[in-house]
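Dear colleague,

I am passing on the structure we spoke about, together with some notes on its charged side chains and on one of its sheets. Please read the notes with the model open beside them.

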Amino acid sequence: MERVITWSFKENFIENLAQFLIENFAGKDNDFSRVLCVFGGKRPGLFLKQRLSQKIKKSFYPPVIYSMDEFIEYIVKYPFKIFNSEGETVEGKSLVFKKISEIDACYFIYIITQEFAGEILRGQRQFSEFLPWAREIISFIEQMDLENIPNEALAHIQKSAEIGYEVPQSINLLLQNIINIRNKYHSFLRKNNVYSRGLMYLDATKIVPYREFEEFETIIFCNFFYLHTTERDIFKEIYKKKKGIFIFQNSDDKWSVLEENAKYLGFKIPSCRGHPQYKLSIYQGFDLHSQVCIVNYILNNEIKSNEVKNKENTVIVVPSSEAIIPLLTEITSQGKEFNVSLGYPFRKSSLFTLFATLLKVQESRRKDGKYYAHDYLKLLRHPLIKNLKIFHSSAVTRVIVHKIEEVLKGILPGSINGSLFLNLEEIENEEKIYWYALETLQNMNIYVKVEECKTVLTQIHNLLFQKWEDLVNFSEFADNLEYLLNTLVEKSKLIKFPFNLKFVEKLYLIKEQLKSSLFCKERFTSREMWEVFLHHLEGEMIPFIGSPLKGTQILGLFETRSLSFDNVIVMDVNESLLPRLKIYEPLIPREVMLNLGLNRLEKEEEIQRYQFMRLISGAKKVYLIYQQTQEKERSRFIEELLWEKQKATNKLEVTTIPKVSFLLKISSHHKEVKKTQEMVDFLKQQVYSATSIDTYVDCPLKFFYRYVLGLKERENLLGELETSYLGRFLHELLRDTMERFKGKRPVIDAQFKKYFFKELEERFEKKIASRMKSDSFLLKKIITTRMERFLECEKRRNVARIICLEEPGYGRLNFSPGTIEISYVVDRIDELEDGSIVIIDYKTGSTNMIPKELRELENIKMERCFLRENIGSFQLPLYYHFISQKFPALEINAELYNLRTMERELFIKNPHPSYKEKVIAICINALQNLFGELFNPEIPFQPDDDAQKCKFCPFTSFC
Ligand code: SF4
């Protein structure tokens, strides 16, 4: 029997292998158990067994099937015989071991590096910071082991490093000690009965000469391409023993990797014939989602329905895990079965968000133990936490969490309103939270006691906060992690979603690794432990649940090894993804790699090209989809296929590439709201204010949301300080401090100033500083300076007495559509020394406007947009109108008093009586027109056409 066999790319490898086994090893009993088939991965073995059963159609003993890793483990793990020169058995040794966890390997490299190249760790680099370095060093040692690089070759590198490669000094230092580090790492692994993949392969090369593999009649090495030196050594030894059959796809005259294998192994890989005859279609998308839509289109339209029935005939190759969720979301609506081989990144799960928030909460905790309210609430609001069923219903926890949020944000009154930092006892002792919760729960027919609510809260605090404070080692960390996981499994909705089970399983595994790690009792800072843990989680991929043999396959390129499909759809056929090449080696200089004979970059390109060409050559229909953007260009693999076609047909235009676009129907952005008669009746009964009228003038739709639907932004006492909050602060300060001058002449002397600034200081600390971080002193300085200037201005004003401060008033306007009731609050009214009255409106922001001069008002059209432009705000006209009625005999004016610049702008700019009358008449006429429009059922609430203001409108999301 030939021991080196080649099949062409066009041939179905699994089909051929099944036939080969039946023809050569079936015997009478269909017993293949003395044949060992070794594949690169695990998946082809499943397909082989399935194909054998389909072909034999009765019971049979399947061959033993190993992946290469399993085969190597088999070599080193099981007893074997060594004979002396007399042919006697002298040793039969098996290795008992387990694979070292990544975290233990990294930690041990950290310790060894400290010993041999401590300079690298200069600057007290912590373990968590060193992790990426550790991974690179391990990967380098793994490569050296897999490629069987002897220490002698490394000695040359060490010598060169002493002279110095053109890399940072720390890397030269590392290279100078690389033999020591590698040796120490190996002896550590052996001593602890743990193994790395590289060391296992390395040891297998030493053991395999002593293994006769009597348990097998033959070992078939199936469809290998690139071989590490250790693999080649093992293959060569087995070839020498005449125990192995080597089956390749394609031949050594076409692929340099196969040529090198053949040369090393000392045989020729025969040539093979067979030209692929698939139908090629290429599609161009513009992003991931458009590619996903193309896949859906192909499955629905291009692949004929009878073929789809045989779903196992189709594979979708997805080079990046990012595409999995969008792809599944789109195609699973077809209701077919899919099997996904790629994992889902842990970092995208809700559990990862929970742990990241746990870290953030501990990070932002102050030295005095107080928690930052933002992060505290973020953690409590996590869906897995706020739905914990600690008491008999998860609603209890949910309501308590919402009440804490409302009290902290100042939506409900409480002693902790607006506190930015607070300790857990302060929250637990705020009884109002429980009473608010009780009230809401009663409305839901859930009856609990205050004490029970308190128990729920203290348990949550213990679980999420207290237990994570002051941790010192990974053993404690792992215990806490276990406690948290147990609670989530028992009391949350976590495992109601089957996919989460995989996440939980992984977390328990990591917990075990941490608990049993070699460094579990070493002292670490809490932050460091969190970083190591999250770093670990970030790299984890969680496999989807499914049957590998069922449905349309969604695989990565390497999972397609040895498999053939009639329909092949490949997404993301772009440079940087297909082939995906690691051009930049962050740690080891390329020169070093080349000196060691490790030219992985060049090989990597050929390996991926081989797998890609092998897959498509065996198909009937091939659909390649790429993304064309400024940053992404199509893969060299597509260019190669097109070039081959161009050469074969002698034409430039060999294929048309449909470009996908979405038909977007853009709906008009803001929709107007029609008035109903009920709305008009409602509007006619309302009491209006200058603010509500100004809102209508600004945007009728905004008026609708605010005053018809009654929607209002919630004030968030924990959020950024808003200008309106600062404005209210100043208004209240001026009202309360000036109160002592009501009915009197204000005297701004040293005594008043002392009182004024003490009051300012106290109020600032209570209402503003507590809501800000360390930069509050700056704001205080600005406010104090402005108030000093205000008092100076006040000193110079000739005020005879303050008539009133923020007194509410009420008035009516008798218009043709009906009487309009208006309520108002004037900031301040002064009587001046000349006996005239001035109405003052303090201005703290920059939005208030004052009507223009008469000559500009005289000819304005009574339409909303013109009124907005020329009158701006109806505040001063309304105040003026109503206050004039109270003091008919006196000279009156109104002014805006700017508390930033101390400028004062008069409403009536000309004291002539006819000027005043005309301005007021125009303003009142304008109001009559506005109310006429507002009460007209034919005129809807329209959006204003100034898109700029929508940016700052709280109702943008409704529009
Ligand atoms: S988003 Fe724009 S159109 Fe809509 S209510 Fe606000 S301001 Fe008016």
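A network of salt bridges (a salt bridge being a side-chain nitrogen of Lys or Arg within 4 Å of a carboxyl oxygen of Asp or Glu) links D698, K702, R864, R868, D944 and K949. This is a predicted model, in which local features need pLDDT of at least 70 and side-chain atom pairs count only at pLDDT 80 or more, while totals for chains, interfaces and linings use all residues. Residues are numbered from 1 along each chain as its sequence is written, and side-chain values use heavy atoms, with hydrogens and water left out.

Because D944 lies in the loop between α37 (913-934) and α38 (947-950), whereas R864 belongs to helix α35 (residues 864-870), the pair ties together parts that are 80 residues apart in sequence; helices (H or I, at least four residues) and strands (E, at least two) are DSSP runs, numbered from the N terminus. Both D944 and R864 are buried, where buried means under 20% relative accessible area, exposed over 50% and partly exposed in between (1.4 Å probe, protein chains only).

The structure holds 63 salt bridges, and two others may be worth a look. E806 and R735 meet through their side chains at 3.2 Å, N to O, and this pair links distant parts of the chain, with E806 in strand β21 (residues 799-815) and R735 in helix α31 (residues 723-738), 71 residues apart. E806 is partly exposed at 22% relative accessible area, and R735 is partly exposed at 27%. K240 and E237 also form a salt bridge (3.5 Å, N to O), but they are separated by about one helical turn, because they stand 3 residues apart in helix α10 (residues 229-240). K240 counts as exposed at 58% relative accessibility, whereas E237, at 16%, counts as buried.

Turning to the sheet, 6 strands form an open sheet in the order β10-β19-β18-β11-β17-β12, with parallel pairing; two strands pair if DSSP finds at least two bridges between them. The edge strands, each pairing on one side only, are β10 (279-285) and β12 (338-340). Strands β18 (residues 567-570) and β19 (residues 621-627) run parallel and are joined by 4 bridges, and V568 has V622 in β19 as its bridge partner.
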